[in-house]
Amino acid sequence: MKTISKNRAFGGTQGVYAHRSDVCDCDMTFAVYTPPQAAEGPVPVLWFLSGLTCTHENAMIKAGAQAHAAEFGLALIFPDTSPRGEAVANDEAFDLGQGAGFYVDATESSWAAHYQMGSYITRELPEMLARNFAFGDAHGITGHSMGGHGALTLAMNNPGRYASLSAFAPIANPVASDWGRKQLGAYLGPDESLWAAHDASLLMAEKGFEGTVLIDQGTDDQFLDLLRPEALAAAMAARRQPGVFRMQPGYDHSYFFIASFMRDHIAHHAEALWAVMD
């Protein structure tokens, strides 16, 4: 693991790191915020998965998360959204290829060599963190848009791995959206029966989450028709999933929306994660 940068922030440290990923077969970059409480002992870990076109840097800079993480004593992990490099497959469109890994393990030959983001997030990067940081073993996950899709699907597909779950404006029903059908078809192939395991609304109906879920969605989000929040809200209600689905009046899809409700999400995760730690 190579250290790219370290900066003091809210009594803790914001670091950026790089390493060679075996599962993605390329160099990957990620960011870690270590709160001041980590100097006294292990702290819980909250993963933030970013959306289309983003890198590790967007949420690290724009989400306003570090101040709240320092308040509640959580480490923050900001992974990249896809493999990158000259040898990595790409597409001219912004919503496929580099910057658009969709947090799945690709099976189609055009993408499978590098696009193994599901395994990277749930297996390889946690193992890297465990070797290099003295954090606790209580993990929560959240994300925005494509990253909200990733947070929800990875949590429901890996029961017991994450003790807390939330999402900001997630791509909630990708099998029924142009933000989903295109990507799942490219990465997983034309058999739509394989796509259901990567659809948060279908997973919510089938499995749910063992803890309480927090979802925030802006009513003025310019991508509402692509996100399909109504499908996830209906699945949560039908399942009687413990949690809160909030439609926030006037908010759009931007990081201003995320920053406005970030403290609520970190408090939500801190309550569940510290209970596991204690």
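## A serine in the middle of things

Let's start with Ser-50, which touches Thr-55, Ala-59, Thr-81, Tyr-103, His-144, Met-146, Gly-147 and Tyr-255, leaving out residues up to four places away in sequence. Contact here means heavy atoms within 4.5 Å. Ser-50 sits in the loop between strand S4 (45-49) and H1, where helices (H or I, at least four residues) and strands (E, at least two) are DSSP runs numbered from the N terminus. With a relative accessible area of 1%, Ser-50 is buried. For that label, buried means under 20% relative accessible area, exposed means over 50%, and partly exposed is in between (1.4 Å probe, protein chains only).

A quick word on what you're looking at: this is a predicted model, in which local features need pLDDT of at least 70 and side-chain atom pairs count only at pLDDT 80 or more, while totals for chains, interfaces and linings use all residues. Residues are numbered from 1 along each chain as its sequence is written, and side-chain values use heavy atoms, with hydrogens and water left out.

Tyr-103 belongs to the loop between S5 and H3 and is buried at a relative accessible area of 2%.

Ser-145 also has a positive phi, near 60 degrees, and isn't a glycine either. Look for Ser-145 in the loop between S6 and helix H4 (146-157); its relative accessible area of 3% makes it buried.

## The largest pocket

Which residues line the largest pocket? They are Gly-51, Leu-52, Thr-53, Cys-54, Phe-94, His-144, Ser-145, Trp-179, Phe-223, His-253 and Ser-254. A pocket, on a 1 Å grid over the protein atoms alone, is an open set of points where a 1.4 Å probe fits, with protein on both sides within 12 Å along at least five of seven lines; lining residues have an atom within 4 Å of a point.

The space inside comes to about 170 Å³, a volume being the space filled by probe spheres set on the points, which are joined across faces, edges and corners. The lining splits into 5 nonpolar residues, 6 polar and no charged.

Rings of Phe, Tyr and Trp (its six-membered ring) pair if their centres lie within 6.5 Å; planes under 30 degrees apart count as stacked, over 60 as edge-to-face and the rest as tilted. By this rule there are 13 aromatic pairs. Take Tyr-17 and Phe-133: their ring centres are 5.5 Å apart and their planes at 80 degrees, so this pair is edge-to-face. The two are 116 residues apart, with Tyr-17 in strand S2 (residues 12-21) and Phe-133 in the loop between helix H3 (117-132) and strand S6 (139-143). Both Tyr-17 and Phe-133 are buried.

Tyr-115 and Tyr-187 also have ring centres 5.5 Å apart, but their planes are at 20 degrees, so that pair is stacked. Tyr-115 is in the loop between strand S5 (75-79) and H3, and Tyr-187 is in helix H5 (residues 178-188), so the pair ties together parts 72 residues apart in sequence. Tyr-115 is buried at 1% relative accessibility, and Tyr-187 at 0%. Elsewhere, Phe-48, Phe-78, Phe-168, Tyr-251, Phe-257 and Phe-261 form one aromatic cluster.

## The nonpolar core

In soluble globular proteins, nonpolar side chains tend to be buried together. Here the largest nonpolar core has 87 residues, and Trp-47, Tyr-120, Ile-121, Ile-141, Leu-152 and Tyr-187 touch the most other members. Such a core is a set of buried Ala, Val, Leu, Ile, Met, Phe, Trp, Tyr and Cys residues joined through side-chain atoms within 4.5 Å. Helix H9 (residues 255-277) gives the most to this core, with 8 residues.

Setting aside neighbours within four places in sequence, Ile-121 is in contact with Trp-47, Leu-49, Pro-79, Tyr-103, Pro-126, Leu-154 and Tyr-162.

Helix H2 (residues 65-72) has Ala-65, Gln-66, His-68, Ala-69 and Ala-70 as its buried residues. They pack against S2, strand S3 (26-34), helix H1 (57-62), S5 and H9. Just after H2, Gly-73 takes a positive phi of about 75 degrees.

Over in helix H5 is Lys-182, partly exposed with a relative accessible area of 37%. Beyond its neighbours within four places in sequence, Lys-182 is in contact with Ala-93, Asp-95 and Leu-96.

Key:
Ala, Val, Leu, Ile, Met, Phe, Trp, Tyr, Cys and Pro count as nonpolar, Asp, Glu, Lys and Arg as charged, and the others, Gly among them, as polar.
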